[in-house]
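Here are my notes on the model you sent over.

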Amino acid sequence: MSLQRLDQAAIHALREKEDAAFARTHPRSHALQERGRASMPNGVPMTWMTGLYEHPTIFPDTGVGAYFEDVDGHRYLDMNQVDIAGFLGFAPEPVTRAISDRAARGASFLLPTEDAIAATQSLAERVGLPFWQFTGAASSSNAEIIRLARVYTGRDLVLMFEGKYHGDVVDVLGRVDGDGPAPDTPGLSSNAARGEVTIPFNDLSALEAALAAGDIACVLSEPMLTNFNLIFPDEDFWPKAQAMIREAGSLLALDEAHTHSFAYGGLTNLWGLKPDLVTLGKGLGTGVPFAAYGMTEQLARVFEANSRPPSPIEDGSAAIVTGGTTFASALVLAAARAALEECLTAEGYARVDLLGIRLAEGLEAIFARRGLDWCAPLIGGRCGWVLGPEFPRNTEESAATMDIFFSNTRRVFMANRGIWEALDTAGPACSFAHSEADVDLYLEVSEEFVALTTTPS
Ligand SMILES: Cc1ncc(COP(=O)(O)O)c(C=O)c1O
């Protein structure tokens, strides 16, 4: 009953005050959004820019390292990392240098550049899968992975876990429940959801039952769930799940769009997992829009056999639909290579690990000083506020230890004090650009917030 320690009256009163202060102190952002409404729905170029936050949007101007500034002159310590797409910090020097140089010599050719070889070999070495492709976003990587898995297995269905988010792709935006196919959002064909099976995370019996019919092409999952706070796998989950998936003739596709930021080579490498396919995304934290996916040699051969022949119209053969005219551009490959070789080093990740420990221990100390039995799960530099004594094992347990109004009040409270808090279903994270002093600043404001919003024991 840990949520009962939230002082809801105090939280609501504080929220009103903080929302008013936020609106008052961001007149330029407000004016820009109003101007933008003439040419963009909601005044923004991409709907998430308003939908992800309960407070009005702001317009940033400059970002360097762990901080960015908005057009109203406010400076923020970024604990959100652009929802992982900025985990190297803003304007990482090696990436900025590589893309400036590349842009000056031609950004895109629809042809491979030599950087592709260095980047894919680095990915192979760290993730453990030998063959790679680049795409425009993790969504596209997942779409291509699913097609490849279907061609390889000759099966149709994709199995995912509750709490999933695998992108803006028809194949992953639904589920089949008791009433039949159920698309997650409006605008999707109900037939699309027919191909998707969703079960609770960490539930090996449900997995066994779902695999029994032999119609699952691939199990698509994050190694741990990151879009519903942090949900770790039980110790025996992946070893047993991997064996069951293999036994059933299905493929394991791990979506490391987020979790690649938690460890060198992602959790696939850290936990010694053996997937057939791995999605990476979010521009590897560079701020440049691209993604990638890795595959086994067997899958690469199937991919080659089903690739677009030089003259598909003449010989009439079909190929798996993959790619895009701006995917794997020279610019993207230069950014990927610079990030992999100069930023995403084992030492870099080890430094972030230490910051993560400081953050999680600091939060748990704050909870303890207030007599709260809450905890802070930690992986790499990413942490979570769990308003209960135990880490959740599935989305039901996670929902019971979250209060979205509390999270969003914390977000606006922190924004008014120069901290850009994580999204409401995520948790604060240290980027490669953070320092110990940055973590301490976050903790200082967190303690102030906890004192104002919980009842003392
Ligand atoms: C685990 C996971 N996979 C895929 C995606 C899709 O990434 P993108 O929106 O960059 O395509 C997301 C987005 O948040 C994600 O969290």
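1. The chain splits into domain 1 (2–88 + 346–453) and domain 2 (93–343), with bounds from an automatic or database domain assignment. Taken over C-alpha atoms, the centres of the two domains are 28 Å apart. Their contact draws 24 residues from domain 1 and 26 residues from domain 2, where contact means C-beta atoms, placed from the backbone, within 7 Å.

2. Before going further, a caveat: this is a predicted model, so local features need pLDDT of at least 70 and side-chain atom pairs count only at pLDDT 80 or more, while totals for chains, interfaces and linings use all residues. Numbering starts from 1 along each chain as its sequence is written.

3. On the side of domain 1 that touches domain 2, helix H14 (346–369) and helix H15 (395–399) are the elements giving two or more residues. H14 has the largest share, three residues. (Helices are DSSP runs of H or I, at least four residues, numbered from the N terminus.) That side divides into 13 nonpolar, nine polar and two charged residues. Here Ala, Val, Leu, Ile, Met, Phe, Trp, Tyr, Cys and Pro count as nonpolar, Asp, Glu, Lys and Arg as charged, and the others, Gly among them, as polar.

4. Have a look at helix H4 (residues 93–104) and helix H13 (residues 330–343): their axes come within 8 Å and cross at roughly 155 degrees. Axes are lines fitted to C-alpha atoms over the stretch in contact, and angles run from 0 to 180 degrees between N-to-C directions. H4 and H13 are therefore roughly antiparallel (the label for angles over 145 degrees; under 35 is roughly parallel). Residues of H4 including Val-95, Ala-98 and Ile-99 meet a set in H13 that includes Leu-331, Ala-334 and Ala-338. The contact of H4 with H13 counts twelve nonpolar, no polar and three charged residues.

5. Helices H8 (residues 204–211) and H9 (residues 237–247) pack at about 10 degrees, axes 10 Å apart, and are therefore roughly parallel. Leu-204, Leu-207, Glu-208 and Leu-211 of H8 make the contact with Phe-237, Lys-240, Ala-241, Met-244 and Ile-245 of H9. That gives seven nonpolar, no polar and two charged residues.

Conventions:
Angles under 35 degrees count as roughly parallel, over 145 as roughly antiparallel, 65 to 115 as roughly perpendicular and the rest as oblique. Two residues are in contact if their C-beta atoms, placed from the backbone, lie within 7 Å.
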